[in-house]
Amino acid sequence: MGHRKHNAPRRGSLAFRPRARTSHIVPLIRTWPEIPSDKPTLLGHAGFKAGCIHVITIDDREGTPNFGKPLFNAATVLVTPPLYIYGLRAYHKVSGYYQPLTEAHAKNLPKDLARKVRIQPKPIEEFMKVMEERLSEVKYFTALCYLRPKDIGLSQKKPFLFEIRVGGGDLKAQLDYLISILGKEVKISDIFKPGMYIDVIGITKGKGFEGPVTRMGVKRKQHKSRKSVRAIGTLGPWHPASVMYTVPRAGQMGFHQRTEYNKRILIMSNENEMQITPKGGFPHFGVVKGDYIVVSGSVPGPAKRLIRLRFPIRAHVKKIQPPKVIEISVTQKVG
């Protein structure tokens with residue numbers, strides 16, 4: 001058959017190439033937003049996914065038909081232990097690429113930091129000498145952060161390490177801010193507020209090796225098809241005599257890094273202020289301990305997975321106001 005009777009859209013988005021397993025369980029944030037603030041702050045935080053609940057709020061989106069009426073929100077609970085700032089780093093530009101200029105570490109580094117990496121401590125005095133001479137070369141600062149799963153009751157002993165960029169103010173103000181929090185803990189309430197919109201970055205659930213029907217969404221062939229029903233109809237034309245990258249193929253599905261944009265923070269609280277754990281605990285997670293936030297919508301990844309949070313890079317709401325929560329449903333389906 002040299003032609004098609006009917007046209008059809010291509011199956012599977014090419015925007016997510018390559019659909020390979022990510023090589024890191026800690027999501028990488030390659031782009032950070034510029035925030036219109038004179039006060040320096042960290043541009044992100046992190047937490048662990050606990051589970052899903054339902055939150056009913058008053059719709060405060062002005063101009064919508066549902067304005068002022070109850071709004072049903074599917075929401076996700078993220079447990080957010082405090083970040084420990086164990087170091088700071090300055091970046092400059094060399095041959096068009098951003099490279100570390102110098103860094104410094106806190107005096108009393110956590111003992112279990114050695115489970116992840118061995119660090120030769122660099123005193124802040126040497127860092128400040130370099131900054132006095134070369135501050136004009138610095139493009140941005142980042143905070144070296146340390147997060148322990150055992151702080152929220154998880155069994156993993158090895159901590160998570162990552163960098164978070166500093167935004168707001170000028171470079172001198174950012175440097176003073178980093179020095180003030182070096183060796184201290186930063187809570188999520190110091191960075192985000194209820195009603196804000198944030199981006200969540202996580203690693204999705206791994207599905208393993210899947211065929212093109214499940215992986216790319218191609219249609220099954222008719223039941224009398226020769227040899228196969230769940231295979232694609234053709235691998236491509238005679239020439240070029242190779243399989244093009246646009247052809248939907250079988251392969252890895254899941255365990256990819258994905259970013260969800262503009263998730264609103266509905267609730268920000270602590271276990272001592274408001275219990276969010278359902279009866280029997282969240283499936284595959286357990287009891288929520290410490291600080292937590294509830295964001296609207298879904299979040300990629302299974303329970304207990306590390307989720308990184310960031311100021312919105314595609315912000316579309318300028319007015320920030322805490323939502324009016326009417327009811328919280330924490331009824332869980334076990335299993």
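Colleague: Where is Gly-183 found?
Modeller: This is a predicted model, where local features need pLDDT of at least 70, side-chain atom pairs count only at pLDDT 80 or more, and totals for chains, interfaces and linings use all residues. Residues are numbered from 1 along each chain as its sequence is written, and side-chain values use heavy atoms, with hydrogens and water left out. Helices (H or I, at least four residues) and strands (E, at least two) are DSSP runs, numbered from the N terminus. Gly-183 is in the loop between helix 2 (171–181) and strand 8 (185–186).

Colleague: Which residues does Gly-183 touch, leaving out those up to four places away in sequence?
Modeller: Contact here means heavy atoms within 4.5 Å. With residues up to four places away in sequence not counted, Gly-183 touches Tyr-84, Ile-85 and Ala-106.

Colleague: Does Gly-183 count as buried or partly exposed?
Modeller: The cut-offs go by relative accessible area: buried is under 20%, exposed over 50%, and partly exposed in between (1.4 Å probe, protein chains only). Gly-183 has 31% relative accessibility, so the call is partly exposed.

Colleague: On to the rings: how many aromatic pairs are there?
Modeller: Rings of Phe, Tyr and Trp (its six-membered ring) pair if their centres lie within 6.5 Å; planes under 30 degrees apart are stacked, over 60 edge-to-face, and the rest tilted. By this rule, the number of aromatic pairs is five.

Colleague: What kind of pair do Phe-48 and Phe-160 make?
Modeller: Their ring centres are 5.9 Å apart. The planes sit at 50°, so the pair is tilted.

Colleague: How many residues apart in sequence are the parts that Phe-48 and Phe-160 tie together?
Modeller: Phe-48 counts as buried at 1% relative accessibility, and Phe-160 also counts as buried, at 8%. Phe-48 belongs to strand 2 (residues 44–58) and Phe-160 to strand 7 (residues 160–167), so the sequence separation of the parts is 112 residues.

Colleague: And what kind of pair are Tyr-91 and Tyr-140?
Modeller: The ring centres of Tyr-91 and Tyr-140 are 4.9 Å apart. With their planes at 15°, the pair is stacked.

Colleague: Which residue has its charged end over the ring of Tyr-140?
Modeller: Tyr-140 is in one aromatic cluster with Tyr-91 and Tyr-98. A charge sits over a ring if NZ of Lys or CZ of Arg is within 6 Å of the ring centre and within 35 degrees of the ring normal. Over Tyr-140, 3.7 Å from the ring centre, is the charged end of Arg-165.
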